[in-house]
Amino acid sequence: MSQVEKKAGLLRRTSSSKKPLKEKVVLMYDEIFAKEDPAKNNPRFWDELFLMKVNLEYLESKLESIDGEDAQCIQDNVNSLFHHCVQALGEEHQIKVVNALQTLCALFRGVHHKNKSASGFDIINMLMGFDKAEQRMKDLMERLDSLLCGDSSESLKSLCLKLLLCLVTVTDNISQNTILEYVMINSIFEAILQILSDSSSRGQHGYDAVVLLALLVNYRKYEVYVSPGMGMVVHQALTEYNRQYKDKEEEHQGGFFSALTSMVGSMFIADADEKLSVQTNEAILLALYEAVHLNRNFITVLAQSHPEIDIVPAPPTPTPTTPTTPLGTTPPSLDVINNPELPLDPNLQTSNLLITFLKYASIVMQDTKDEHRLNSARLCLIILTCIAEDQYADAFLHDDNMNFRVELHRMPMRHRKKAVGKNIPSRPLVCAVLDLMVEFVVTHMMKDFPFDLYLRCVQIIHKLLCYQKKCRIRLHYTWRELWSALINLLKFLMSNETSLLSKHNIFHLALLIVNLFNMFITYGDTFLPTSNSYDELYYEIVRMHQVFDNLYCMVLRVSTNAGQWKEGASKVTHALVNIRAIVNHFNPKIESYAAVNHISQLSEEQVRSISLNVRKNVSLNTLSQDVLLKEFSTIS
C-alpha cells in the first residue's frame with residue numbers, strides 16, 4: 001500500500017474507473033464530519049466506532065482541513081465524539097478504552113493545530129461545547145484518575161499519561177492553553193504522586209509522571225509537594241544520559257580515528273566533539289528546575305547520598321504503542337529507573353542527585369553552538385543559580401565533612417591535554433561547582449559569545465563568595481585558576497570590544513568581574529584559606545596589570561564621551577580604584593628592586609616576596625572599600 005493511500009485510509013489500489021475502497025473506521029469518520037448526527041440511522045454507531053483501530057493521521061487531517069463555515073455545521077458531532085470518548089473510558093473492554101484515549105489525543109491535536117490563532121474559548125467550544133466543558137473535563141479527569149490509580153494494565157496507564165502530556169503540550173506556549181484550567185480544577189496530582197511513591201509504577205511510568213508534573217507546575221507557580229520518588233526519576237534519567245555520553249566517549253577514544261587524530265594533532269577536535277553529542281533532555285531539566293525553585297525541601301533530595309555504580313541497562317523491552325512522544329524526549333530504560341537498592345560497600349564512591357546533575361551540566365555546557373544546546377546550558381545555570389541562592393543548599397555545598405569526588409567532563413582543546421580523572425581529590429561540592437564555572441569561562445570565549453550565560457556564571461560565583469564571606473568559610477580551593485580565567489575573560493572583552501558592544505553591554509559583565517576581585521581584595525581575609533592566598537592574588541593582579549590598565553583606558557575613554565555606554569563604563573572606572581591602587585603601589589617597588597639588583601625579569605617568588613614585605617606596611621583599609629560596598633549593593 002502506498003503512503004498516500006495509507007494516509008487516506010485506502011484498502012488497496014483500484015482502477016481509475018472505480019472509487020477507492022476505504023477502511024470502515026475512515027467511513028465512520030466521514031459520517032462524523034457530515035452535517036447529520038451519525039447515530040441517527042445507526043444507534044450502535046459509537047459502540048462500533050471504538051471497536052475499530054484508530055486512524056490517527058486521517059482523523060487529525062480531517063480536523064485540520066475544516067473551514068470556518070463547516071466547523072459550525074459539524075461542531076455538534078465533534079462535541080458528541082468527545083463526549084462518547086470520555087464515556088468509553090469507563091468501559092470494561094480494554095480495546096474501547098485504548099481507542100478512546102487515542103481518539104482524544106487526535107481531537108486535542110487536530111483542533112488546536114487548525115485553530116492556532118483562535119482564542120482558548122473557541123477551541124473549548126469546538127471540542128466539547130463551552131456550556132458543557134466543565135462537566136466534560138470533570139468526567140475526563142475522574143476517569144483518567146481511576147485508570148491511573150486502579151488495577152489497569154501498565155500499557156493503559158502509559159496511554160493515560162501520554163494523553164495528559166498531549167493535552168498539556170498541545171500549544172507552543174503552555175500559559176495559552178486554556179483547557180489546563182479545567183485540569184487544575186480537577187486535580188490529577190494525587191495520581192501522579194501515587195505513581196512516583198511506588199517503586200514498581202515509578203519504574204514503568206516515572207519519567208512521564210515527572211515531566212507531566214513539571215509542566216503542570218510550570219503552568220501555575222506554587223509550592224508543590226516533591227517526593228523522593230521524583231528525585232529518583234530525575235537522578236536516573238540524568239545518570240542514563242551521563243552513561244550514554246561516557247560510552248560514546250570511550251568508543252571514540254579507541255580505534256583508527258583516535259590514532260589518526262593523535263597523528264595529525266587536534267585538527268579534528270571539532271568534528272570529534274560533534275560525534276560525542278547525545279540528545280539533551282530539557283523535560284527532566286525543567287522538572288528539576290521547578291522542584292528546586294518552588295520547594296526548598298527538595299534540597300534534601302538533592303543531597304541524599306547512595307553508592308555510585310555504572311548502570312548497564314538491559315536490552316530494550318517493547319513499549320506500548322502511543323499516539324505521540326511529547327517534547328521529543330526519550331525516557332531512560334525501565335531497568336535504570338527501577339534499579340534495586342544495593343548494599344553499601346566501603347570501596348564504592350558515594351554520589352547524589354546534585355553530583356549527577358553537575359556531571360550532566362559539564363557535558364551539556366561544552367557545546368552551546370546550536371540554540372537547542374544553548375537553552376539546555378542556560379537551564380543548567382538557572383538551576384545552579386537557584387541552588388546557590390538557597391542557604392540550606394549552600395550549607396551542604398560547603399560542609400567540610402561531606403566530601404565527594406566529582407569527575408566533570410572537560411571540552412577538548414588544542415592547548416591542553418585531556419585530564420585523567422583517577423586522581424580527583426575528595427572535596428566539598430562547592431569546589432566542583434566552582435570548577436564547572438571556571439571551565440565554562442575558559443572554554444566559551446568565541447565569536448558567537450554566549451553573553452547571558454557568562455553573566456549567570458559570574459553571578460553564581462558571586463553568590464557562593466557572599467556565603468563564604470558571611471559564614472567565614474575558608475575554602476581550600478585553587479583560587480588562582482579562577483582569577484586567571486576572569487582576567488583572560490576581561491582580555492577577551494577588550495579585544496572584541498567593537499563586535500561585542502553591537503550586541504551586549506560588556507561593561508555590565510566587566511563590572512561584575514572587577515567587583516569579584518574587589519571582594520577578594522577587601523574581604524579575602526574572611527574566606528581565603530591562608531595568607532599565601534593573598535600573596536597569590538596580589539601576584540596575579542600585578543603580573544597581569546597591563547590588562548587592568550587597558551581596561552581602565554577603555555572605560556575612561558567611553559565614560560568621558562556622550563553615548564549609550566557612558567554610565568556603565570563610568571561604574572567600571574570607579575570599581576577599578578582598588579586594583580589600580582595595588583598596581584600603582586607595588587609596581588614601583590618591583591621595578592626599583594629589579595633595577596637595584598640588575599634583574600631584567602623577576603621570578604614569581606621574588607615578586608611575591610616584595611609584595612609580602614610591602615603588604616606588612618600597608619593596611620587594606622587604605623583601599624577604597626566604600627566603592628566596593630556601593631557597587632556590590634547594585635548587583636546583589
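Okay, let's start with a contact: Asp-145, Leu-148 and Cys-149 in helix H8 meet Ala-191, Gln-194 and Ile-195 in helix H11. Sort the residues of that contact by type and you get four nonpolar, one polar and one charged. Keep in mind that this is a predicted model.

So how do these two helices sit? H8 covers residues 133-149 and H11 covers residues 189-197, and they pack at an angle of about 15° with their axes 9 Å apart. That angle makes H8 roughly parallel to H11, since anything under 35 degrees counts that way. The crossing of H8 past H11 is left-handed.

H8 has another partner, helix H9, which is residues 154-168. At what angle do the axes of H8 and H9 cross? It's roughly 145°, and the axes come within 9 Å. This crossing is left-handed too. On the H8 side, the contact is made by Met-137, Met-141, Leu-144, Leu-147 and Leu-148. On the H9 side you'll find Leu-156, Lys-157, Cys-160, Leu-161, Leu-163, Leu-164 and Leu-167. By type, that's 11 nonpolar, no polar and one charged.

If you're wondering about the spacing of those numbers, here's a handy rule. An α-helix has 3.6 residues a turn, so residues three or four places apart point the same way. Notice that Leu-148 turns up in the contact with H11 and also in the contact with H9.

Next up, helix H16, residues 282-294. How far apart are its end C-alpha atoms? They're 18 Å apart, and that agrees with the 18 Å its 13 residues should span at 1.5 Å a residue. Is H16 mostly enclosed or open? Of its 13 residues, 11 are buried, so H16 is largely enclosed by the rest of the structure. Among the buried ones are Ile-284, Leu-285, Tyr-289, Glu-290 and Leu-294.

Now two single residues. His-409 is in the loop between strand S3 (403-404) and strand S4 (427-428). Buried or exposed? His-409 has 14% relative accessibility, so it counts as buried; the cut-off for buried is under 20%. What does His-409 touch, leaving aside neighbours within four places in sequence? Its contacts are Tyr-245, Glu-249, Lys-359, Ser-362, Ile-363 and Gln-366.

The other residue is Gln-87, in helix H5, residues 68-88. Gln-87 has a relative accessible area of 35%, so we call it partly exposed. And where's Arg-143 compared with Gln-87? They're 56 residues apart along the chain, with their C-alpha atoms separated by 8.7 Å.

Terms used
Residues numbered from 1 in each chain as written. Predicted model: local features only at pLDDT ≥ 70, side-chain atom pairs only at ≥ 80, totals over all residues. Heavy atoms only, no water. Axes fitted to C-alpha atoms, helices over the stretch in contact; angles between N-to-C directions. Helix = DSSP H or I, 4+ residues; strand = E, 2+ residues; numbered from the N terminus. Parallel < 35°, antiparallel > 145°, perpendicular 65-115°, else oblique. Left-handed = near helix turned anticlockwise from the far one by under 90°. Contact = heavy atoms within 4.5 Å. Nonpolar A, V, L, I, M, F, W, Y, C, P; charged D, E, K, R; others polar. Expected span 1.5 Å × (residues − 1). Buried < 20%, exposed > 50% of the residue type's maximum accessible area, 1.4 Å probe, protein only.
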